Amino acid sequence: MSPNRAACRTAPERMRGRKPSVIAFCRRSPALFWAFCKPQRALQLAACLVALVTLCSCMMISPIREEKSAGPTPVPIPPEISGSSTDRVVTLFFRYRDLLMLTTETLALHDAPDDKRRFVKLAVEALIAGPREESANDKLPVLPPTTKVLDVQGTDSLCTITLSADFLTRTVKGADIKTLGDNNQSMLEAERTRRLGVSALVSTIVQTGAYAQVQLLVDEGGGKGVRIQQRELGEASDELLGPLSCDESILSILLTPRQTLRAILESLRDRNAEQLYRFIAQRDEQGALRPTISEVSDFIEKSATLRDDMIIYQNAELLSGDGQSVTLLVHVNFLPRSGGVVERDHLPLVLRRENEVWKMDYDALAALIPQ
């Protein structure tokens, strides 16, 4: 039985003094029923209907709470670059220890804007902020921490980015460049670090996939960006810096597996234990700790000498399925202390990623060197 018919059955009690014909009419036309009901009763019934409708609506549209999966710490999005967005991962480039080489660090940007220019601005701001705290032992900042991204413009392939004057007037540690005075060594280091910073900036922007080239401008006052001289980057030239891409000059300082293995072999050839130690994994695959730096130094001092004619074969890199190890083939010649030459051709060497840096296990290094 419908609610309307049930309501009409109680009508005689609420419609005292009215004619039976009216009651019968109400049964046939529930819409007119309210016209003959007493106002108080009508209001009470209306309130009940409203409450019922509201309750049903809440039950129908109540949202399901979703748990977000754990992942890299998101970078907050400044208000000026919010908008249509998606979750994306960006590759940042930082200095590896005190070497003039770059290594990578991936960072999850939650709610990253879809607009290319805004996304590049956010990526560069993350680069300025520096590596994660847990990476501080291996990775160093490449841009002064007070640097600001003033503007980002772009065409189909060229990104023009304007940085604040702090890029030139501050060191990566935030000190005023003027405090270096006439210390030529400190100024040289500042210029080299600045050049490394430009390479990291270009690599970070190009790796976003938004642009293929980068034109750097620096604020000369009032937010107006100008091109800088190559001399500012330690070059012996007053020519202005033009658009840059990830060419050979930048690729040669990126710690790719190939470049990392070259650095390991050159450190071994030069018996540079301090530099070699930076590329030995802290723990091997079995979890064993690496020896101390003095033990490594003693080992390579007593070992055979690596000749200069080493070869790392092209197109012979085999990356593991999880991307955390890679095998490369080398040709090396050693000169044992007992005399003669020990030749090793197409020797496979394995590198593993530790804190996103390619390194070699100590046992693999020791097995490489004839005693």
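Keep in mind that the model is predicted. Searching the whole structure turns up two aromatic pairs, and Tyr96 belongs to one of them, together with Phe279. Their ring centres sit 5.4 Å apart.

What does the pair tie together? Tyr96 is part of strand 1 (residues 85-96), while Phe279 is in the loop between helix 11 (273-277) and helix 12 (293-301), so the pair joins parts that are 183 residues apart in sequence. Phe279 is buried too, at a relative accessible area of 1%.

Now for another aromatic pair, Phe299 and Tyr362, which is edge-to-face. Here the distance is 6.0 Å from centre to centre, and the planes are 65° apart. This pair also links distant parts of the chain: Phe299 comes from helix 12 and Tyr362 from helix 13 (residues 362-368), 63 residues apart.

Are these two buried or exposed? Phe299 has 18% relative accessibility and counts as buried. Tyr362 also has 18% and counts as buried, because the cut-off for buried is under 20%.

## Arginines over rings

Arg88 lies over the face of Phe119, 3.7 Å from the ring centre. Over the face of Trp358 you'll find Arg353, at 5.3 Å from the ring centre.

Terms used
Residues numbered from 1 in each chain as written. Predicted model: local features only at pLDDT ≥ 70, side-chain atom pairs only at ≥ 80, totals over all residues. Heavy atoms only, no water. Phe/Tyr/Trp six-rings, centres within 6.5 Å; stacked < 30°, edge-to-face > 60°. Helix = DSSP H or I, 4+ residues; strand = E, 2+ residues; numbered from the N terminus. Buried < 20%, exposed > 50% of the residue type's maximum accessible area, 1.4 Å probe, protein only. Lys NZ or Arg CZ within 6 Å of the ring centre and 35° of its normal.
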